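Please look through the structure shown here while reading the paragraphs that follow, which go from one region to the next.

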Amino acid sequence: MQLLVFSYICFMKHLKPLMFVGTCSDAGKSIINTAFCRILKQDGYLPAPFKAQNMSLNSYPTPEGGEIGRAQVVQAEAAGVIPHTDMNPVLLKPTNNKSSQVILNGKPMGNLSAVDYFGDHLRKGELFEAALAAFKRLDAAYNPVVLEGAGSISEINLRDRDITNMRMAMAVGAATYLVADIDRGGVFGSVYGTIQLLRPEERALIKGIIINKFRGDIRLFETGKQLMEELTGIPVTGIIPYFTDIRIEEEDSVALDSKRRQANGNRINVAIVHLRRLSNFTDFNVLEMDPRFHTYFTDQPDEIEKADIVVLPGTKNTLGDLQDIRSNGIASAIVKAYKAGKKVIGICGGYQMMGMQVEDPQHLEGSIPLLSGLGLLPMRTVIESEKVIRQTRFRFLDKADLCNGYEIHMGKTSLIDKEADSPLVVMEDGRTDGYLVDNRCWGSYMHGILDNPAVLDYLAEGLVKEDASLFNYAEFKEKQYDKLADHVRAHVDMDAIYRSLTE
């Protein structure tokens with residue numbers, strides 16, 4: 001494989017790194033990076049994504065057993081390459097408002113407060129050097145590397161601790177494009193102010209401005225485009241219209257705010273419990289795409305009562321979120337839903353909560369040593385320091401097809417004494433996972449379990465309210481990447497971008 005990649009790079013002209021940075025968070029850097037990963041693939045190159053540091057509770061295990069942010073996995077899918085820890089060497093997974101678990105090169109370093117992280121590890125430069133080494137490995141194997149910045153590049157108070165934005169752009173000589181969100185307003189101030197706050201050597205790297213999320217007739221912004229170019233001295237390379245018909249996995253949990261919908265009578269209603277520390281909400285993207293289901297995130301007991309299916313998702317703090325749902329009425333609403341004939345399933349932390357009790361004897365998650373679970377599964381969970389990170393192939397119940405999933409958890413779940421085992425899945429190596437009470441109640445550690453057609457059909461069994469063809473999520477995602485690439489390609493100056501990558 002390495003020989004093939006080397007031969008490929010020798011054949012194709014090696015392009016400079018391409019980087020997208022932002023005037024603010026949620027400007028659309030991730031989606032534009034994804035688009036260019038697919039565009040470059042379509043044009044015959046072998047791109048790979050890279051984000052030096054990511055903060056997210058949505059993560060994924062790479063084939064070598066490391067952990068990276070889901071956004072880089074999506075970008076790797078768009079590029080048609082296998083995800084690797086080098087694509088996201090530093091991942092921060094918040095455990096509470098003041099600290100995060102730090103993942104370095106795919107492996108946990110431990111939990112650090114913001115003060116410790118910024119004070120010690122960033123000042124020492126070890127994380128930047130690790131990130132730069134990861135980039136260099138990618139740059140030797142792919143063509144080109146497509147980098148993504150984080151948040152705003154004009155946070156000058158963080159300049160000496162930056163490992164993700166202009167410091168990285170300068171270190172690798174990236175052709176850098178500034179992405180601005182016009183939909184939130186103030187685009188001239190945000191673009192001009194961002195550029196003016198850069199040092200001259202940083203400003204020299206900005207090859208163009210991309211105006212994102214434009215609503216209306218682009219021709220009406222022609223004067224605005226000219227004014228912005230006059231003000232900044234930098235060309236506006238693209239104006240990308242706002243879209244709602246292209247479905248790409250979203251990185252940030254802020255996206256959940258738009259998913260706080262209510263039950264709908266025309267399809268199978270799936271209520272996903274909106275936990276305070278919810279992680280890997282991308283487990284449920286497939287439910288939003290499949291026309292059989294109507295999915296909504298909720299923390300309201302009355303909305304849970306309206307659902308046909310209730311899902312307890314993963315969490316970065318099982319005991320903390322379990323305590324929350326026991327005190328706000330969600331836990332009792334879930335139990336009532338099952339007794340009323342509804343389906344209830346749990347994934348990862350949700351699976352742990354559905355058992356008889358959850359224990360944290362080492363106080364790895366906080367000060368709570370033990371809590372009673374929902375009592376729906378005859379299981380007991382003990383939170384342990386060793387983190388399980390692995391991709392898995394398995395068979396679901398008695399289904400013949402092999403399924404794909406992955407595990408990321410820090411707990412061990414076992415049967416209460418004398419209870420009969422009733423595993424949900426059997427893995428290729430003979431291990432089992434999960435517990436099946438009946439077709440209305442089950443849980444599993446397996447993230448991505450719903451992406452498998454056999455599991456999705458089992459979930460819908462007996463509840464289908466309208467005639468719907470079977471849904472292939474993998475094919476759907478490929479079409480969406482192509483639609484995204486076509487949309488972005490049509491609204492940016494591709495000739496100018498390629499010139500910046502070869503000059």
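**A walk through the model**

Phe188 has its place in helix 7, and the model in which we find this residue is a predicted one. Phe188 counts as partly exposed because its relative accessible area is 30%, a value that lies between the limits of 20% for buried and 50% for exposed residues. Together with Tyr192, Leu227 and Leu231, Phe188 forms a nonpolar patch on the surface, and the accessible area of these residues together is about 350 Å². Two helices, helix 7 (187-196) and helix 9 (222-232), each supply at least two residues of this nonpolar patch.

From the surface patch we can turn to a sheet. Strands of a sheet pair through backbone hydrogen bonds, and this pairing may be either parallel or antiparallel. Here an open sheet is built from six strands in the order 2-9-1-10-11-12, and the pairing is parallel. Strand 2 (48-50) and strand 12 (236-241) are the edge strands, since each of them pairs on one side only. From one strand to the next, the twist averages 20 degrees.

Helix 5 (residues 126-141) lies across strand 2 and strand 9, and runs at about 170 degrees to strand 2. Helix 17 (residues 494-502) also packs on the sheet, where it touches strand 1 (18-22), strand 10 (175-181), strand 11 (206-214) and strand 12, with a direction that makes about 145 degrees with that of strand 10.

The last stop is the backbone in the loops. Most peptide bonds are trans, and most residues other than glycine have a negative phi. Between helix 5 and strand 9 there is a loop that contains Pro144, and the peptide bond that joins Asn143 and Pro144 is cis, with an omega of about -5 degrees.

Which value does phi of His363 take? It is near 55 degrees, a positive value in a residue other than glycine. His363 lies in the loop between strand 19 (357-359) and strand 20 (370-372), and is partly exposed because its relative accessible area is 42%. Leu397, in the loop between strand 21 (379-396) and strand 22 (402-415), has a positive phi near 50 degrees. With a relative accessible area of 27%, Leu397 is partly exposed.

Note on methods
Residues numbered from 1 in each chain as written. Predicted model: local features only at pLDDT ≥ 70, side-chain atom pairs only at ≥ 80, totals over all residues. Heavy atoms only, no water. Patch = residues over 30% accessible without salt bridge, like charges linked within 9 Å, V, L, I, M, F, W, Y side chains within 5 Å. Areas by Shrake-Rupley, 256 points an atom, 1.4 Å probe, with all protein chains shown as cover. Salt bridge = Lys/Arg side-chain N within 4 Å of Asp/Glu carboxyl O. Helix = DSSP H or I, 4+ residues; strand = E, 2+ residues; numbered from the N terminus. Buried < 20%, exposed > 50% of the residue type's maximum accessible area, 1.4 Å probe, protein only. Pairing = 2+ DSSP bridges. Axes fitted to C-alpha atoms, helices over the stretch in contact; angles between N-to-C directions. Contact = heavy atoms within 4.5 Å.
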